[in-house]
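Take a moment with the sequence and the model. The walk-through below moves from whole chains to single residues.

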Amino acid sequence: MADLSSEFLGIKSPNPFWLASAPPTDKEYNVVRAFEAGWGGVVWKTLGEDPAVVNVNGPRYGAMHSTDRTLIGFNNIELITDRPLQTNLEEIARVKRDWPDRAMVVSLMVPCEEKNWRDILAKVEDTGADGVELNFGCPHGMSERGMGAAVGQVPEYIQMVSEWCKLHTRLPVIVKLTPNITDIRLPARAANTGGADAVSLINTINSIISVNLETMSPEPSIDGWGSHGGYCGPAVKPIALNMVAEIARDPETASLPISAIGGITTWRDAAEFLALGASNVQVCTAVMTYGFRIIEELTQGLSDWMDDSGYQHVSDIVGKATPNVKDWQQLNLNFISKARIDQDLCIQCGRCHVVCEDTSHQAITAMVDGQRHFEVIDEECVGCNLCVSVCPVEHCITMQQQLDGVDARTGQAISPEYANWTTHPNNPSAQR
Amino acid sequence: MVSPNVELLQQDLHPPLSRHEAAVESDRCYFCYDAPCVTACPTGIDIPLFIRQISTGNPGGSARTIFNENILGGMCARVCPTETLCEQACVRNAAEDNPVRIGELQRFATDHQMATGRQPYRRAPDTGRRVAVVGAGPAGLACAHRLSLYGHHVDVYDARPKAGGLNEYGIAAYKTVDDFAQREVEYILSIGGITIRHHQVLGRDVRLENLQRDYHAVFLGLGLAGVNELRIEGDTLDGVVDAVAFIAALRQAEDPAGLDAGSRVLVIGGGMTAIDAAVQSRMLGADEVTLAYRRGIEHMKASRFEQDLARVNGVVIRTGLQPLRVLGDEGRVTGVEFACMSGDDGTWGPTGATVILPCDRVLKAIGQTFVSGVLDEEGGAALAMEQGRIRVDNERRTSDERIWAGGDCVAGGEDLTVAAVQDGKLAAESIHSVLSKG
């Protein structure tokens with residue numbers, strides 16, 4: 001049996017699944033339910049200074065659905081906690097006391113003054129919490145007041161606040177990064193330079209989830225108006241994966257621990273983030289979609305996969321895929337693959353044909369000998385994977401590497417040698 | 001006789017899909033390339049498009065896609081044997097043996113549009129051309145609608161007091177509840193430019209030669225006015241009833257519960273009419289209904305779904321029974337004697353055994369025939385025939401250059417509502433192209 005126990009910055013939890021700082025971790029009642037369900041830890045919803053912020057009194061969430069109404073993207077205009085600071089602190093202390101084996105990290109957001117950070121850090125330390133997460137990511141509401149993403153978008157501020165926090169608390173400091181920036185490596189480096197113990201990412205992405213075509217109001221609509229919110233859920237996972245990988249493979253931050261956030265819904269999502277360099281993961285939208293009980297699928301799925309794959313500890317997975325993330329010009333141009341259609345699995349929908357015909361390389365038949373028949377034309381197939389992507393039947397179309405012989409498309413012999421763009425004859429700046 | 005099931009006559013076989021059900025079901029369509037379902041549809045409705053329009057919240061556009069090819073899309077959604085047409089071709093059969101419920105989705109879209117009372121079409125300016133359509137069944141109505149769309153004026157002559165043909169008189173009540181057949185007729189006629197003349201029997205009240213004289217073109221959608229007779233001893237006894245007439249009487253009855261359905265009913269035949277008659281007999285309260293068919297179950301024209309429907313409603317289906325004679329007592333039917341048939345050696349023939357099934361009512365449903373006599377009038381058009389029906393070409397032109405025909409009265413057809421609609425549509429296109437040339 002795989003060992004799912006996790007240690008992140010010395011903070012122990014029975015599994016690597018934490019709930020991210022968000023509505024599910026806003027108060028004792030929810031967090032206790034989460035711990036009862038089996039969650040390894042929480043990042044308590046962001047605390048601020050009194051008087052507490054106020055939220056809108058209308059809809060604060062919006063969703064993007066696939067056609068079967070599976071929620072694939074989620075957006076919110078909720079702010080940090082709108083409850084009194086003392087109430088939160090008391091509940092945090094009580095929950096940590098009652099659940100000592102679970103990770104209790106507290107998210108913080110106060111104005112960019114050293115005194116404000118020092119004061120709140122002292123209060124959090126008194127609760128017995130295990131660590132703090134600096135909310136430099138929230139893209140709406142707070143950023144307009146000079147907090148959240150407004151800090152996260154300026155690397156110098158990140159470094160400054162990280163330094164203050166490391167100076168004024170003994171607790172581990174995690175810096176939560178906003179994705180609303182051009183190059184995620186810069187804020188990560190700033191956190192590292194400022195002495196932060198780890199980064200967590202991604203926070204939500206600036207978004208307008210939809211427009212109501214009757215009222216012409218953006219959704220969620222407050223009295224006919226809408227404001228941009230923070231986008232999350234399964235649809236943001238690819239963006240988060242890339243940002244995690246960028247930090248994990250950046251020489252400056254390669255040893256900086258990462259807590260990954262961004263659309264994690266299944267054990268497989270979690271394993272992918274771990275493989276790209278995250279040490280643990282945080283979940284929000286999935287529990288807001290299905291409830292806390294998905295933790296059973298997450299832990300069992302990860303454990304079963306680790307057993308099947310011969311991994312004993314979560315740390316064995318961390319970064320396994322990071323070395324395989326390269327810049328494009330390093331990719332092997334002598335690697336040749338062609339699509340193959342399993343005729344026994346093919347249901348004859350023809351989607352592979354029409355997308356290849358309309359939008360790609362005219363490399364799949366529709367008719368052979370007068371019969372409806374879909375088959376790859378090797379002379380045209382560039383191995384692009386579009387047909388695999390659109391086929392409704394899993395494993396019906398696969399990409400198969402051509403190991404020897406001649407590429408029917410180019411007429412070139414298939415070379416076993418590695419060769420990339422940097423040495424390609426078509427590259428004007430090739431190193432010859 | 002008290003009937004516990006008579007209310008079933010006025011209940012949908014498949015309740016209409018709710019908006020949510022339609023959303024879930026429409027999402028199952030793969031939007032296939034050169035979709036097999038479209039090829040399988042006699043009217044060639046762009047099924048992937050109309051389903052995608054439901055999925056994207058545009059049921060009105062979806063209905064327009066359907067009506068573009070089949071103005072009787074509402075009725076076809078109810079009566080088409082989809083399990084042998086579009087749904088049989090659905091690639092979801094290969095994927096999981098469970099096709100997209102195309103017929104029910106079609107009903108969802110067409111019901112939506114018909115509930116608005118608006119057609120998605122506007123008639124072209126009047127061309128001054130006049131076309132006579134004989135028969136207000138599916139073929140005639142489809143033809144009339146499309147001709148009117150192009151701006152021609154259409155007079156429809158029909159023998160019956162109501163339009164709709166078999167939709168109104170010839171199919172089971174539970175397939176067209178809430179007077180759908182008449183509502184659809186009204187919907188089609190709302191395009192304007194179509195006048196229906198009732199109680200006009202060809203050869204009696206209206207003559208083909210006059211129509212040829214008075215109109216620029218004529219379309220014949222005559223249907224099948226005759227029924228096959230058993231032609232055996234006793235087939236005129238009291239209680240031996242034509243199933244088509246039984247269904248028509250049931251459909252037109254003010255109070256179906258008041259009809260005498262018999263208590264032990266024997267339906268002879270293996271097609272849709274046989275099933276409709278058998279199931280409705282049960283619903284009217286008949287204690288025992290047996291459907292006797294001369295060959296094997298796989299030879300029955302009624303689809304598998306229809307066979308199952310009959311069984312679910314308590315109809316016993318017996319195969320390999322060829323009627324020999326109708327037995328009677330004091331002029332009333334008491335049973336039928338059958339020759340037992342076997343097809344074990346590949347060809348069907350009598351085994352030598354016979355069996356008597358007692359009954360108090362026999363419903364004959366062994367097929368309908370085209371009554372060609374109406375065409376043989378003096379001075380009228382002598383249309384070329386084929387296998388007892390009117391011969392037509394791909395455009396549904398008859399041997400007379402100004403007469404077109406379609407529906408069950410033409411040779412080579414499928415005897416389906418949807419095929420009749422296609423005939424009417426194709427004929428209208430052909431007529432329009434001829435009339436447009438001057």
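A residue counts as buried if 20 or more other C-beta atoms lie within 10 Å of its own, with C-beta atoms placed from the backbone. By that cut-off, buried residues make up 48% of the 438 residues in chain B. Keep in mind that this is a predicted model.

Stay with chain B. Its secondary structure comes to 16 helices and 17 strands. The radius of gyration of chain B is 22 Å, close to the 22 Å from the globule rule for 438 residues, so chain B is as compact as a globular protein of that length. Along the principal axes, its C-alpha atoms fill a box of roughly 65 × 60 × 45 Å.

Chain B divides into three parts: domain 1 (14–116), domain 2 (130–225 + 370–436) and domain 3 (227–367). In chain B, the C-alpha centres of domain 2 and domain 3 lie 31 Å apart. Where these two domains of chain B meet, 6 residues of domain 2 are in contact with 8 residues of domain 3. The domain 2 side of chain B has 4 nonpolar residues, 1 polar and 1 charged.

Next, the meeting of the chains. Here 12 residues of chain A are in contact with 11 residues of chain B. The chain A side splits into 6 nonpolar, 4 polar and 2 charged residues.

Now look inside chain A. Leu19(A) lies in strand E3 (residues 17–19). Why is it buried? Leu19(A) has 28 C-beta neighbours inside 10 Å, and the cut-off for buried is 20 or more. Beyond four places away in sequence, Leu19(A) touches residues including Trp39(A), Val42(A), Val283(A) and Val287(A). The C-alpha atoms of Leu19(A) and Ala286(A) are 9.9 Å apart, although 267 residues separate them along the chain.

Finally, the backbone. Most residues other than glycine have a negative phi, and most peptide bonds are trans. Several sites depart from that. The bond joining Asp50(A) and Pro51(A) is cis, with omega about -5 degrees. Pro51(A) sits in the loop between strand E4 (41–47) and strand E5 (61–65) of chain A. The peptide bond from Glu219(A) to Pro220(A) is also cis, with omega near -5 degrees.

Phi is positive at Arg69(A), near 65 degrees. Arg69(A) is exposed, with 12 other C-beta atoms within 10 Å. In chain B, Asp415(B) has a positive phi near 55 degrees. Asp415(B) is partly exposed, with 17 other C-beta atoms within 10 Å.

Key: Residues are numbered from 1 along each chain as its sequence is written. Chains are lettered from A and ligands numbered from 1 in the order in which they are written. This is a predicted model: local features need pLDDT of at least 70, side-chain atom pairs count only at pLDDT 80 or more; totals for chains, interfaces and linings use all residues. Two residues are in contact if their C-beta atoms, placed from the backbone, lie within 7 Å. Ala, Val, Leu, Ile, Met, Phe, Trp, Tyr, Cys and Pro count as nonpolar, Asp, Glu, Lys and Arg as charged, and the others, Gly among them, as polar. Helices (H or I, at least four residues) and strands (E, at least two) are DSSP runs, numbered from the N terminus. The radius of gyration is taken over C-alpha atoms; the globule rule is 2.2 Å times the number of residues to the power 0.38. Domain bounds come from an automatic or database domain assignment.
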